[in-house]
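Colleague: I would like to learn how to read a structure piece by piece. Can we work through one together?

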Amino acid sequence: MRLFATLALILSAAALSACSMQGGAPETDGEPMVSPILTSDDAKDPYSYAQPDVARVTHVALDLALDFEAKMVRGKATLDILAAEGVDTVILDTMGLEIFSVTDEAGSELAFEVGLAKEEMGAPLTVTMEDKRQIVIAYQSGPDAKALQWLVPEQTAGGKHPYLLSQGQPTLNRTWIPTQDSPGIRQTWEAKITAPEPLTVVMSGLSGGDPMQASEGRRAFNFAMDKPVAPYLIAIAAGDIVFQELGPRSGVWTEPVMLEKAADELADTEKMIDAAEELYGKYRWGRYDMIVLPPSFPYGGMENPVMTFLTPTFIAGDRSLTGLVAHELAHSWSGNLVTNANWSDSWLNEGTTSYFENRIIEKLYGKKRASQERALNFAGMEETIAEKGSDAAITALHLTGENASPEGGASGVIYDKGASFLHTVEAIVGREKFDIWLESWFDRHAFEPATSAMFLADMRKNLVKGDEELEAKLMLDEWVYQPGLPSNALRPDAAAFAEVDKAAEAYIDSRTLDKAVWEKWTSAEQLRLLSKLPQELPEEELAKLDSELGLSVSGNNEILFAWLELALQNRYDPAVPLTEKFLATVGRRKFVAPLFETLIEQDEWGKPIAKRIYAKTRSSYHAVTTGTVDKVVLGGG
């Protein structure tokens, strides 16, 4: 039976790949597109209960009601199943769901069993389908579903209406959708969502038009995604939100009081899409809309197709942090179009996207900004490798063991070492050849999962082409499978921060900085300066830096975060009230976790401060953030 299933799926993969090689989306004649799966050992996902080589989900149809009072969603999920002949069961992933019934499309009851739950995986839901290939699950989520954050009006910018946002990556969507929650099991989907008036619902699928009256006081919103996506890319938000068009295929949603600022910061979005297409081919998702969420959102951005989710912390007033937008847009190719088959190869999503982001920045804003941003990221990578140890397995791109868990790895490696790998390959083979190959990689594997082994095999076949001298120069296996930084790594341009580094060196002697020079520097230059300052500074110098450079009143959250981290590691009491305010209003894990960690590291001075602040702020954070910070603060002694 397994052989039959594998053969059927291989045939599906061959058909899809043939279409992909011609460029553009496969022709489906109105039928849902079915993505292939990978059955090799290195593609298996140990963090899903699913057995996709026997029976797998190909399409999800949601019919759900949002209950803001109970903080849960309830309704039905109809799943289309592709299974081998004779197979009568399918295994799904769930976490905290209450399953009321499972039926076939005609309403006849089907037997099901919810297995024992594991802490990080939830519980398997095994359904006996008999000979059916469509099942209907009636269920509701739990009030503590980790993917969903229910905000009270006071946690929003407008302060009048509640808000819902989701974050499904890596394996949290199983807390509100019963499906096979693995990145290698791509699925098309549709949804009908009802919400209380006057709230508006958006999702990571194309809208079905204006909302319809569902019942007294409730409206229904319809969405569809006709291209197979990794299940973590199904996302939802609901609240008092409005829309502004940015270009013929782009726009922004956010709360009314945030709209003007958000639209101004995102004014270059359409240019970014054009730049990305010029680099690596057609944008295949139709629209590229974004939603700027409340500050509790745990990430900088999330690349949900056709509806990128963004933190408001990227709004600096000068578009200096829009590299975040370029990054999420680039995911439309690397991550959404071609997706890592499992979490051991998450660098394929993030490292490739970080490289692509830098190329978009260079195309729009010039080589200087791109070079500086790359230099900052390279320095972050070196710091991570030094901290973890150059022989530590966690510093390899392909992760193994516990490092290959959904939340495993280190961003300095997954993002920055991955990008450095591609910058190095580009420098060795030449940009023109590299760009042709990378675009063809996206085309050949469009709407498919991929592994490190596939990536290197494709590079060898279509870029190296048997050139033994080139193969030796590239050191491909060392980059992907070995820890540390290979000796051939392309280092950033030393001149990128020449002026800034000179000023930092001069500071050691003079203990002064030129405010006028500081103010004309880019955000990247200012961040570089702060990173190069002596990390041990007395109170009077910290006060002088803050006063002269206006660090505490910076409108750039990256600058403010860097300042607070420097101040706290020097036990600078005047920074504590601002830290408390910052942590009470920002839920982005990138900022929150390091600040709490810095406080905890300050022993008798910082630990009481951290515990006091966290007791007040924890309830305002998304589960993604608390999952990290709990280990830092609650386990911090």
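This is a predicted model: local features need pLDDT of at least 70, side-chain atom pairs count only at pLDDT 80 or more; totals for chains, interfaces and linings use all residues.

Colleague: Let us begin with helix pairs. At what angle do helices H7 and H9 pack, and how far apart are their axes?

Modeller: For a pair of helices, look at the angle and the distance between the axes. H7 covers residues 411-429 and H9 covers residues 452-464; they pack at about 10°, with axes 14 Å apart. An angle under 35 degrees counts as roughly parallel, and H7 and H9 are therefore roughly parallel to each other.

Colleague: Which residues make that contact?

Modeller: From H7 there are Phe421, Leu422, Val425 and Val429, and from H9 there are Phe455, Leu456, Met459 and Leu463. Sorted by class, the contact of H7 with H9 has eight nonpolar residues, with no polar and no charged ones.

Colleague: H7 also meets H8. How do their axes cross?

Modeller: The axes of H7 and H8 come within 6 Å and cross at roughly 125°. H7 and H8 are therefore oblique to each other. On the H7 side the contact uses Leu422, Val425, Glu426 and Val429, and on the H8 side Arg431, Lys433 and Phe434. The contact of H7 with H8 divides into four nonpolar, no polar and three charged residues.

Colleague: What is the angle between H16 and H17?

Modeller: H16 (residues 557-569) packs on H17 (residues 576-585) at about 135°, and the axes are 10 Å apart. That angle makes H16 oblique to H17. A crossing also has a hand: H16 passes H17 in a left-handed one. The contact is made by Asn557, Leu560, Leu564 and Leu568 of H16, together with Leu578, Thr579 and Phe582 of H17. By class, the contact of H16 with H17 has five nonpolar, two polar and no charged residues.

Colleague: Which residues line the largest cavity?

Modeller: The lining consists of Ser334, Val338, Thr339, Asn340, Leu348, Thr352, Trp441, Phe442, Ala450 and Phe455. Strand S21 (338-340), helix H5 (347-365) and helix H8 (431-444) are the elements that give two or more residues to this lining. S21 gives the largest share, three residues. The lining of the largest cavity divides into six nonpolar, four polar and no charged residues.

Colleague: What about the second largest cavity: what is its volume?

Modeller: The second largest cavity has a volume of about 40 Å³. Its lining is made of Glu265, Leu266, Asp268, Thr269, Met272, Arg319, Thr322, Val325 and Tyr365. By class, that lining has four nonpolar, two polar and three charged residues.

Colleague: Is the peptide bond from glutamine 169 to proline 170 cis or trans?

Modeller: That bond is cis, with omega near 5°. Proline 170 lies in the loop between strand S9 (163-166) and strand S10 (187-196). A cis bond also joins glutamate 197 and proline 198, where omega is about 5°. Proline 198 sits in the loop between S10 and strand S11 (200-203).

Colleague: Is the phi of phenylalanine 447 positive or negative?

Modeller: Phenylalanine 447 has a positive phi of about 60°, although it is not a glycine. This phenylalanine 447 is found in the loop between H8 and strand S22 (448-450).

Definitions and conventions
Residues are numbered from 1 along each chain as its sequence is written. Side-chain values use heavy atoms; hydrogens and water are left out. Axes are lines fitted to C-alpha atoms, for helices over the stretch in contact, and angles run from 0 to 180 degrees between N-to-C directions. Helices (H or I, at least four residues) and strands (E, at least two) are DSSP runs, numbered from the N terminus. Angles under 35 degrees count as roughly parallel, over 145 as roughly antiparallel, 65 to 115 as roughly perpendicular and the rest as oblique. A crossing is left-handed if the near helix is turned anticlockwise from the far one by less than a right angle, and right-handed if clockwise. Contact means heavy atoms within 4.5 Å. Ala, Val, Leu, Ile, Met, Phe, Trp, Tyr, Cys and Pro count as nonpolar, Asp, Glu, Lys and Arg as charged, and the others, Gly among them, as polar. On a 1 Å grid over the protein atoms alone, a cavity is a set of points where a 1.4 Å probe fits but cannot get out, and a pocket is an open set with protein on both sides within 12 Å along at least five of seven lines; lining residues have an atom within 4 Å of a point. Grid points are joined across faces, edges and corners, and a volume is the space filled by probe spheres set on the points.
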